Amino acid sequence: MARCEMCDKGIQTGHRLSITRSQISRRANRMWRPNIKKIRVVQNGTAKTVSICTRCLRSGVVTRA
C-alpha cells in the first residue's frame, strides 16, 4: 500500500539506536514510511486515482486532474 506508483519508493527499515555515554547500548527495529498521498492525476488523457509520494508530486512528474 505505501508505495509510490511513479518512483516505486516504499518503506525502509533499520534500527533505532539507544546511545548512552557515546556507546550504543540497545537496538530496536523501526520503519521509515514515505509520505504517500492518493491523488487524481491525468494519465493517457483520462483521470485516475494513484498513490504518489510528495516528492514526485512537487517535482511535476504527474499532472493533477
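Here is a short chat about how the terms used for this predicted model follow from its numbers.

Tutor: Two ground rules. This is a predicted model, where local features need pLDDT of at least 70 and side-chain atom pairs count only at pLDDT 80 or more, while totals for chains, interfaces and linings use all residues. Residues are numbered from 1 along each chain as its sequence is written, and side-chain values use heavy atoms, with hydrogens and water left out.

Student: Fine. What makes up the protein chain, in helices and strands?

Tutor: One helix and four strands, running β-β-β-β-α from the N terminus. Those are DSSP runs numbered from the N terminus: helices are H or I with at least four residues, strands are E with at least two.

Student: How do you know whether the protein chain is spread out or a compact globule?

Tutor: Its radius of gyration is 18 Å, well over the 11 Å that the globule rule gives for 65 residues, so the chain is more spread out than a compact globule. The radius is taken over C-alpha atoms, and the rule is 2.2 Å times the number of residues to the power 0.38. The C-alpha atoms also fill a box of roughly 60 × 20 × 15 Å along the principal axes.

Student: Why is Cys56 called buried?

Tutor: Buried means under 20% relative accessible area, exposed means over 50%, and partly exposed is in between (1.4 Å probe, protein chains only). Cys56 comes out at 7%, so it counts as buried. The residue lies in helix H1 (residues 54–59). Of the 65 residues in the chain, 17% count as buried.

Student: And what does Cys56 touch, neighbours within four places in sequence aside?

Tutor: Cys4, Met6, Cys7, Val61 and Val62. Contact here means heavy atoms within 4.5 Å.

Student: Which residues make up the largest nonpolar core?

Tutor: Eight of them: Cys4, Ile39, Val41, Val50, Ile52, Cys53, Cys56 and Val62. Strand S3 (36–43) and strand S4 (46–53) each supply at least two, and S4 gives the most, with three. A nonpolar core is a set of buried Ala, Val, Leu, Ile, Met, Phe, Trp, Tyr and Cys residues joined through side-chain atoms within 4.5 Å. As for Ile39, its contacts beyond four places in sequence are Lys48, Thr49, Val50, Leu57 and Arg64.

Student: Why is the Arg3 and Asp8 pair called a salt bridge?

Tutor: The term asks for a side-chain nitrogen of Lys or Arg within 4 Å of a carboxyl oxygen of Asp or Glu. The closest N and O atoms of Arg3 and Asp8 are 3.6 Å apart, so the pair qualifies. A search of the whole structure finds one salt bridge.

Student: Are those two partners buried or exposed?

Tutor: Arg3 is partly exposed at 41%, whereas Asp8 is exposed at 51%.

Student: What makes Leu17, Ile19 and Ile24 a nonpolar surface patch?

Tutor: Patches are made of residues with over 30% relative accessible area and no salt bridge; like charges are joined within 9 Å, nonpolar side chains (Val, Leu, Ile, Met, Phe, Trp, Tyr) within 5 Å. Ile19, for one, has 56%, so it clears the accessibility cut-off. That residue sits in strand S1 (residues 12–20). The patch is about 280 Å², with areas from the Shrake-Rupley method using a 1.4 Å probe, and for residues only the protein chains shown count as cover.
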